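Work through the exercises below with the model open. Try each task before reading its solution.

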Amino acid sequence: MSVATFFLMMAPYVLAGQSKTCTSPADSCGPTNSGGSVGQPTSPNDTGAPGQSTSPVVTDAPDDSSSVVLPTPQPRADSEKFQLKKALVQSVNVTLFQHAWRFAWDPSMRYLLIHKPFFHDWGASYTDYHMDRWSDGDNFVVNDVGHPLEGAAYGRVFLQNYPKSFVPIAMHNGYWTTRFQSLAWMFIWSAQFEVGPLSETNLGNQGGFNYVNGCGTTLACLNEPNANARLTNDTGWTDFIITPTVGLGWILAEDTIDRFIVTPIARNHRILGGRVLRSALEPSRSYGALFSGKFPWMLPAAENNYYVRPRPVPVKVEDPNETPLLRGEFGGQYTSINLPVLSATCPTKACRQSLSGAGFNMSYNFTHSIGLDGTVNYLPAQQGTQAMTQGQFGVKLGGSWQRFGIYAKIRPGFLYYQNAWPGLGSTTPTNLTRFTWDFGGIVEVNTHRSGKIRVDIGTTVVRYLTDNPDPRQSQLGTVLSPQSYVNQGNFQFSTSYIYRF
């Protein structure tokens with residue numbers, strides 16, 4: 001048998017072997033990495049190199065191992081670029097989630113946002129920052145555990161959006177350069193969380209008032225043991241420094257755990273190691289994964305995870321009942337709102353009256369389900385009142401069909417009075433603006449492709465300044481305004497004709 005004939009006979013077997021599909025964790029075909037990142041070395045003694053993967057790891061597999069495939073990494077376009085837009089969006093979402101958590105569990109923050117002048121107190125809070133001290137008065141768990149975890153979460157957002165960072169912990173520049181770059185990202189976002197436009201200073205007025213940690217703002221708190229040492233306004237250098245620097249240490253520790261503990265276990269126990277241990281022992285990685293739309297145990301790069309064999313994706317057929325997406329909307333409207341007013345018939349106590357007006361609304365639709373939505377209404381002088389102007393700008397969420405659409409709306413805004421009683425004991429009417437929230441629903445009926453009738457029903461919550469000073473003002477010192485507001489809901493109905501384009 002000639003050599004050429006031998007190779008021709010063996011070719012089908014060679015090609016079949018090269019096209020083998022990995023159907024279980026025991027299969028070793030297909031490159032991946034053992035540390036959850038591209039470039040994982042095959043042993044702890046190897047240093048590895050960015051962009052290389054040498055040993056398999058089970059990180060994310062369904063229970064049915066027969067349907068599991070380990071794909072071969074394909075070259076990604078712009079694989080070296082930092083995804084700035086995604087990182088910014090995810091960092092903002094991390095910040096908003098933390099503030100939502102604070103709002104849910106901190107009654108002081110809720111009171112300040114609901115009953116105090118927002119912009120005045122935000123600016124005033126900066127004037128009493130004490131940057132001549134280290135401690136801000138919080139305990140060890142908050143300052144040295146919670147804040148570093150916050151910093152590590154911001155760092156993970158940076159790393160998961162930077163493909164160059166998908167390397168294991170090792171003594172090479174590919175790893176350490178990206179980790180120190182994430183440190184700069186952590187410094188920026190931790191400082192923003194303290195003093196920026198979405199910070200503890202404007203959402204909770206950090207720095208604006210003194211309190212005794214663990215007690216409160218009353219004079220009786222000064223009788224607490226060690227009260228002087230616990231007296232603070234929650235400002236100091238600790239959060240600015242500890243959050244990013246210890247946060248970096250947190251990331252380094254997690255990377256070490258992932259390489260030397262989680263990954264070896266995940267090779268043989270994909271659920272215990274690749275899911276349970278990775279989620280439990282690497283909280284900042286799990287936190288970052290959630291805000292990138294992944295499960296907590298998933299790694300930044302898709303090729304680093306086992307996944308279910310993809311099924312053929314059917315060609316999407318347009319729904320004939322779905323209206324075409326026209327992004328712009330503009331229309332005129334009539335509105336009626338039930339407001340408490342002082343008039344000749346109600347000189348001492350405000351009486352509710354239905355006030356009518358006209359205006360326009362405008363929308364920009366991102367999809368059929370979500371869009372920006374705003375309205376401006378003018379309410380002329382009527383029933384003894386002076387003229388008023390209302391503006392609401394926010395979002396609408398819902399869905400649309402061939403003939404109609406249903407949405408919910410959440411729109412902050414203002415109500416401008418040309419002549420009204422300002423409150424806080426003043427007896428002189430003046431022009432003033434009150435902050436408002438518009439909550440409710442929208443029903444739309446399509447008349448033709450470019451037009452529809454819209455009906456809005458909901459409540460407009462108006463913040464009214466009271467005649468009495470804030471009863472919960474800190475007795476231990478404050479730079480916040482003494483003003484106190486109440487919030488009152490007012491039924492509002494609007495109907496309009498909308499032109500879509």
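**Exercise 1.** Which residues of helix α4 (residues 118-125) are buried?

Solution. The model is predicted: local features need pLDDT of at least 70, side-chain atom pairs count only at pLDDT 80 or more, and totals for chains, interfaces and linings use all residues. Residues are numbered from 1 along each chain as its sequence is written, and side-chain values use heavy atoms, with hydrogens and water left out.
- Read off α4: Asp-121, Ala-124 and Ser-125 are buried.
- Look down the axis of α4: the buried residues fall within an arc of 100°, so they line one face of the helix. The arc is that of the directions from the helix axis to the C-beta atoms.

**Exercise 2.** Describe the chain as a whole.

Solution. 
- Count elements: the protein chain has 10 helices and 12 strands.
- Check burial: 45% of its 501 residues count as buried.
- Check contact range (contact means heavy atoms within 4.5 Å): of the contacts between residues at least 6 apart in sequence, 67% join residues at least 24 apart.

**Exercise 3.** At what angle do the axes of helix α5 (residues 140-160) and helix α10 (residues 283-290) cross?

Solution. 
- Define the axes: they are lines fitted to C-alpha atoms, for helices over the stretch in contact, with angles from 0 to 180 degrees between N-to-C directions.
- Take the values: the two axes come within 8 Å and cross at roughly 55°.
- Classify: that makes α5 oblique to α10. Under 35 degrees counts as roughly parallel, over 145 as roughly antiparallel, 65 to 115 as roughly perpendicular and the rest as oblique.
- Assign the hand: α5 passes α10 in a right-handed crossing. A crossing is right-handed if the near helix is turned clockwise from the far one by less than a right angle, left-handed if anticlockwise.
- List the contact: α5 gives Leu-149, Ala-152, Ala-153, Arg-156 and Gln-160, while α10 gives Pro-283, Ser-284, Arg-285, Tyr-287, Gly-288 and Ala-289.
- Sort by class: six are nonpolar, three polar and two charged. Ala, Val, Leu, Ile, Met, Phe, Trp, Tyr, Cys and Pro count as nonpolar, Asp, Glu, Lys and Arg as charged, and the others, Gly among them, as polar.

**Exercise 4.** How many of the eight residues of α10 are buried?

Solution. 
- Count: six of the eight, leaving α10 mostly covered.
- Name them: Ser-284, Arg-285, Ser-286, Tyr-287, Gly-288 and Ala-289.
- Find the cover: it includes α2, α5, α8 and α9 (272-281).

**Exercise 5.** Is Asn-161 buried or exposed?

Solution. 
- Locate Asn-161: it sits in the loop between α5 and α6.
- Test the area: at 5% relative accessibility, Asn-161 counts as buried.
- Find its contacts beyond four places in sequence: Lys-81, Phe-82, Gln-83, Lys-86, Ala-87 and Gln-90.

Notes:
Helix = DSSP H or I, 4+ residues; strand = E, 2+ residues; numbered from the N terminus. Buried < 20%, exposed > 50% of the residue type's maximum accessible area, 1.4 Å probe, protein only.
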